Amino acid sequence: QVQLVESGGGLVQAGGSLRLSCAASGNIGSITVMGWYRQAPGKQRELVARISTTGRTNYADSVKGRFTISRDNAKNTVYLQMNSLKPEDTAVYYCNADLWTATYAYNNYWGQGTQVTVSS
C-alpha cells in the first residue's frame, strides 16, 4: 500500500507565500512523475505543476513565475513553493504520483488534500 501525505496548507494574505510538502511512503519501488493539482469550490480539479524524476517540470499558465515545484528523490518527497499568492489560488491542493510499487505494479496515487486559502 502507498500513502501520499501532504502538509503546509493554511491561510495567508494575498501576496504572501506558502510551501506545500508531500511525502510518499509504503510499498514503493520508484516514483516517476510527482505533481500538484488543485480544486476550487464548484470547479474541476486542475493541474498546477508536475516534475519528472530527472527534474523536468511543467506548470499551469496561471502559476508560472509564482510557483516552483521541486522534489527530493531520496525522500520520495515533492514540494510546491507558492509565492505572490492570489485569492484565486484558494483551493484544496492534492499531491499526485505515478509510481512503480515494490511488487512491479504501475499505478497513480492521490493524497488526501490540503486547504490553501488566500485572503484579499
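Mentor: Arg-38, Glu-46, Arg-66 and Asp-89 are linked in a network of salt bridges. The model is a predicted one, and the salt bridges in it number four.

Start with Glu-46 and Arg-38, whose side chains meet in a salt bridge with an N to O distance of 2.8 Å. Glu-46 counts as partly exposed because its relative accessible area is 35%, which falls between the cut-offs of 20% and 50%. Arg-38 counts as buried because its relative accessible area is 6%, and buried means under 20%.

Arg-38 also meets Asp-89 in a salt bridge, at 3.0 Å from N to O. This pair links distant parts of the chain: Arg-38 is in strand S4 (residues 28–39), while Asp-89 is in the loop between strand S8 (77–82) and S9, 51 residues apart. Both Arg-38 and Asp-89 are buried.

Asp-89 in turn has a salt bridge to Arg-66, with 2.8 Å from N to O. Arg-66 lies in the loop between strand S6 (57–59) and strand S7 (67–72), and Asp-89 in the loop between S8 and S9, so this pair ties together parts that are 23 residues apart in sequence. Arg-66 is buried, as is Asp-89. In general, side chains of opposite charge can pair when their charged atoms come close.

Now the strands around the network. S4, which holds Arg-38, pairs with strand S5 (residues 46–51) in the antiparallel sense over five bridges. Within this pairing, Met-34 stands opposite Ile-51 in S5. The hairpin of S4 and S5 has six residues between the strands, and Gly-42 there takes a positive phi near 80 degrees.

S5 also runs antiparallel to S6, with three bridges joining them. Arg-50 has Asn-58 in S6 as its bridge partner. S5 and S6 form a hairpin as well, with five residues between them, and Gly-55 in its turn has a positive phi of about 95 degrees.

One further feature involves S9. Tyr-104 is found in the loop between strand S9 (91–101) and strand S10 (106–110). Tyr-104 counts as exposed because its relative accessibility is 72%. Together with Trp-100 and Tyr-106, Tyr-104 forms a nonpolar patch on the surface, with about 410 Å² of accessible area for the three together.

Terms used. Residues numbered from 1 in each chain as written. Predicted model: local features only at pLDDT ≥ 70, side-chain atom pairs only at ≥ 80, totals over all residues. Heavy atoms only, no water. Patch = residues over 30% accessible without salt bridge, like charges linked within 9 Å, V, L, I, M, F, W, Y side chains within 5 Å. Areas by Shrake-Rupley, 256 points an atom, 1.4 Å probe, with all protein chains shown as cover. Helix = DSSP H or I, 4+ residues; strand = E, 2+ residues; numbered from the N terminus. Buried < 20%, exposed > 50% of the residue type's maximum accessible area, 1.4 Å probe, protein only. Pairing = 2+ DSSP bridges.
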